[in-house]
Amino acid sequence: MIAPATALRTRHLLGIQDLSAPEIQLILQTALAMKEIGTRPIKKVPTLRGRTIVNLFFEASTRTRMSFELAEKRLSADTLGMTTSGSSVSKGETLLDTARTLEAMAPDMIVIRHGSSGAPHQLARICRSSIINAGDGMHEHPTQALLDAFTILERKGRLDGLKVTIVGDLLHSRVFRSNVLLLTRMGAEVRACAPGTLVPLGMEALGVHVTRSLREAVTGADVVMMLRLQLERMRGLFLPSMREYFALFGLTPAVLEHAAPDVIVMHPGPMNRGVEIDSQVADGPWSVILDQVANGVAVRMAVLYLLAGGEEAGER
Amino acid sequence: MKLLLKSVHVVDPAAGRNGEFDVLIADGRVVRVDRNQPADGATVVELPRGFVVTPGLIDIHVHLREPGQEHKETIATGTAAAVAGGFTAVACMPNTTPVNDSASVTEFILKRAADAGLARVYPIGAVSVGSKGEQLTEIGDLVKAGCVAITDDGLPVQTALLMRRALEYASMFGIPVIDHCEDPSLKGDGVAHEGAVASMLGLKGIPGAAEAIMVERDISVAELTGGRVHVAHMSARQSLRALREGKSRGVAVTAEVCPHHFLLTDEALATGGGYDTNCKMNPPLREEADRAAMIEGLRDGSIDVIATDHAPHHADEKALEFDRAPFGIVGLETAVPLCLDRLVHAGIVSLTRLVELLSTNPARALNLPGGTIAEGAPADLTILAPDAEVTIRKETFRSKGRNTPFDGWTLRGAVAATIVGGRDVYVNEDVLGRASLAGA
């Protein structure tokens, strides 16, 4: 067991890349306390009262945006939402100008989702507020990896030594990159499975075992994480058909029989039923997909709380 | 007026000179290069010890942006940057607005260059009308107006057939076809070198093979036609292999490499907070094996030319998200210090070899005047202070572009002065003081 850090070293959360194992441990432990708040009749604490958080979503998002909003509200922060349509962005304003404009209103944190990899990093260079990456292009989605780890911990009690299999569109997935970084850092054994057209280069160097065979990938796995096929990021020639994809890479009860008996199945959503996952699996006893959604709120509360300064935030 | 550079160290590989000579300049031309010349009424100039006089450096891959993109650069600012960087001549790419695909655009460029009166400008015309890859430009007309080569740079010469016809047709005028080698389908919407770094940064990749496939195609077509092809901004080790193989078969192919491709790798994208758009260029910064291969190609002579691919952009454009920002960096005012420090002082190439790469061979590749200090020829000279220390400061650039990944680098090797047609169009007061070389 890795001892948790006492605080985060940075004021931004740009990616798992920047977090040490003790910092990850700190976030996960803090999330446990935050989850308890969600079980109370009055699900609200004054921790971030008077703090302003801007949710800047340049890309469509339902669960991540709502999850952040709920986390912010439960911590009593004042929140502002901005989406691309109907804002100055649709009038051609650049990302940096949008950020500078928002900064002039002195928010404490900016949660950003953007289609370009590295967009939060560019903001972090010019903004005084804390930047939280809610998903950037094909790069990282750190809070998703944290909530996935939290969900695994809840079910398995550990990450170290677990066999975690990630299946699907690895190439376009920020969830995959963040999960690989987090899980390998915490001592899990990560296997990945995808068609040859959807495997990014350099995964072996990160300690990921890549295979083309779903059965091989799933055999003995403690956790199977399915990724959505990101059709919107694909331009041609990646796959012959959805039918063939499901036949080769779709997770069915039959394939799952090769996994560990107490295997859990995860999906960051939104799911394409019948493409990457059979409904019998998605809705079956292995599935922890809705737990992931519930835990997302607690994990994001933990991140917001820690970036605001942890205990200092509450005492202010 | 006459000027006698007295007992100066001349490095001129084309003339076989590397030693102390007197260089007599009169009426803008070199009169004599010899030892022990009498002053005979000329103004005598002696240079500090260690300074070197070379034939004027020539950058054969420059984007001057005018006409049409004057917010990025003009011919006046671009040629000011050139002479400040030690270049007495530049060849400018045709991807302006409008494209340099007609004599009228070529004439406009030459007129603006003459008005600026700094570096010599050799326009490069387009291969195809509008660089659209469909119809050959009036190449004869372009050459008559002053174009020294043709290219669709920014884009590859789109089909093998167009390349064939361009080579066949251009060879009538003795000019080469320059190709931006890149298979468009493999490049796709890539923005960085396809490798482990781009994978982890979530950036779409451009594999080295995208370049090498086109280099191989062009060499095959050059062999078929007997035409002369010049590979622009080579970056991938597979391309170098194809180049060596083509040269060994006797194909008329030459190649250039840019300083950033032999000095930096894709790791630069992951450092300093990451996603620095001043590290975004096409071809992209590649991995260490490619960088090392480019160095080896410079050392062993397979690579003919160092060119900068000077590509100024406005700061607003480079401030966009990484995948939306334009490709390219400025290079005119950083190339000489980078090459002196990282190639010559690092012991990779000799000073003589560097002059070949920056002057002798660029002149030969495009059949340009210069590249040597010849008696009777215009006095285009570069004076180097190879041991002077310089720190790159982008805010001091003459170029409108500030897009460089080399800002803040301290390097050994400076340009002391640049002389075009006997005029000292640039004097670096930091190393030469206020001494004027003028009057010839």
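In the predicted model, the contact between the two chains draws 21 residues from chain B and 24 residues from chain A. The side of chain B that touches chain A comprises 8 nonpolar, 7 polar and 6 charged residues.

Within chain B, a further interface lies between two domains. Domain 1 is made up of two segments, 2–53 and 378–432, and domain 2 spans 55–365. The centres of the two domains of chain B, taken over C-alpha atoms, are 26 Å apart. Contact between them involves 39 residues of domain 1 and 48 residues of domain 2. The area buried between domain 1 and domain 2 of chain B is about 3,500 Å², and 66% of this area comes from carbon and sulfur atoms. Of the area that domain 1 buries against domain 2 in chain B, 19% is supplied by B:Lys400, B:Asn403 and B:Phe406, more than by any other three residues.

Polar interactions are also present at the interface between the domains of chain B. The applied rule finds 1 salt bridge across this interface. A salt bridge joins the side chains of B:Asp380 and B:Arg120, with an N to O distance of 2.5 Å. Between domain 1 and domain 2 of chain B, 19 residue pairs are in polar contact, with both residues of each pair at pLDDT 80 or more.

Several strands contribute to the side of domain 1 of chain B that touches domain 2. Strands S1 (2–12), S17 (381–391), S18 (410–420) and S19 (423–427) of chain B each provide at least two residues to that side. Strand S18 of chain B gives the most, with 8 residues. In composition, this side of domain 1 of chain B divides into 21 nonpolar, 10 polar and 8 charged residues.

Note on methods. Residues numbered from 1 in each chain as written. Chains lettered and ligands numbered in written order. Predicted model: local features only at pLDDT ≥ 70, side-chain atom pairs only at ≥ 80, totals over all residues. Heavy atoms only, no water. Domains from an automatic or database assignment. Contact = heavy atoms within 4.5 Å. Buried area = accessible area lost by both parts, 1.4 Å probe. Salt bridge = Lys/Arg side-chain N within 4 Å of Asp/Glu carboxyl O. Polar contact = N/O pair within 3.5 Å; in protein donor to acceptor, adjacent residues only side chain to side chain. Helix = DSSP H or I, 4+ residues; strand = E, 2+ residues; numbered from the N terminus. Nonpolar A, V, L, I, M, F, W, Y, C, P; charged D, E, K, R; others polar.
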